[in-house]
Amino acid sequence: MKKVVILTTGGTIAMVKKDESVVPYEKGNMLISEIPELSKLKDIKIEVREFSNIPSPYMTPKNMWELSKTIDKVLEDEEVLGVVVTHGTDTLEETSYLLDLTLRSEKPVVCTAAMRNIGELGTDGPRNVYSSVLTVLSPQSYGMGVMVCLNDEIHAAREVTKTYTSNVATFDSPGYGPLGIVDEDSVIFFRKSLTREKILVEKIEEKIALIKTFTGDDGSFLKIAVKLGYKGIILEGFGRGNVPPLVADSVEEVIKMGVPVVITSRCFKGRVYPVYGYKGGGADLRKKGAILSEHPIGQKAKIKLMVVMGKTTKIEEIREYFERDIKRRPLEHG
Ligand code: ASP
């Protein structure tokens, strides 16, 4: 019989309220197999396998990479149509994007979660799992890339981000919109993500720092990150990808040490682009050797740099992966 494997990693979907706070429940992951609607699916076996039972802020690059390799193995089984991953919402966008970049199979993989814990009034976990299984079973899901399905919406892993601390309608793809919806028992796709890419690697670089600049930043954090052994840095700048002037000096210094610096933006829509030539502007940083990330969201760029640096540590080769859209601009280092 064909099957859908649900790989559980933990998160609120596997948590309960105890003494006024929400904590992991040791049997939480396995409760997923008791969702009644799953046993009503015709000719499909649902198999629940526990990968971990951790809050998603505990996720590490190592865990994510292990999960990717585990899913690839699971998908090798011809009987497996696809995989649903349950996860905490906090870092779901990171894990799902790493899977999207690195999984070898094109079989559907859908990540889901819950904003309300087990037993909480109006808990969203069971419905989200059911909708995710329906999404895996949709004939249109093959080749769609890794998707995130919550609150009846289906999003592309590359585009999705958590936007609300508490609301069940937390996941959104700013500037893109959902790929589709789940309505009753129907899965309806509106579009395919055209920005999706695969970077198949044998390993990843785990030591990537994500640093957010701020007004008055003197660039110390950037230099400290290198001293702490970070091998690549994502620098979240302002607007088009601009930073204060002293940070520009640090960027230059760090790059001279051979550490790639990828500029993102605290704006989550639009492109980072070399528009401003003043000291610290995106065009100036690029001349100093910084890489501009075409996707503005810092945590997404961090995942991508982890993967790209599993392939190459050469700054100009790394640039190729991040600046596909701005290649026509000459570099003029120095
Ligand atoms: N803190 C939880 C986690 O990410 C939140 C959730 O799952 O919604 O594990």
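## A buried pair: Glu 323 and Arg 319

Glu 323 and Arg 319 are both buried (buried means under 20% relative accessible area, exposed over 50%, and partly exposed in between, with a 1.4 Å probe and protein chains only). Their side chains meet in a salt bridge, 3.0 Å from N to O. The term salt bridge stands for a side-chain nitrogen of Lys or Arg within 4 Å of a carboxyl oxygen of Asp or Glu.

Keep in mind that this is a predicted model, where local features need pLDDT of at least 70, side-chain atom pairs count only at pLDDT 80 or more, and totals for chains, interfaces and linings use all residues. Residues are numbered from 1 along each chain as its sequence is written, and side-chain values use heavy atoms, leaving out hydrogens and water.

## Linking strand 1 and strand 4

Now for Lys 3 and Glu 47: they form a salt bridge too, with the closest N and O atoms 3.1 Å apart. This pair ties together distant parts of the chain, 44 residues apart: Lys 3 sits in strand 1 (residues 2-8) and Glu 47 in strand 4 (residues 44-50). Helices (H or I, at least four residues) and strands (E, at least two) are DSSP runs, numbered from the N terminus.

Lys 3 counts as buried because its relative accessibility is 10%, and Glu 47 counts as buried at 18%. Both belong to a salt-bridge network that also takes in Lys 45, Arg 49 and Asp 77.

Asp 100 is buried at 2% relative accessibility, while Arg 196 is partly exposed at 23%. Across the whole structure, a search turns up 21 salt bridges.
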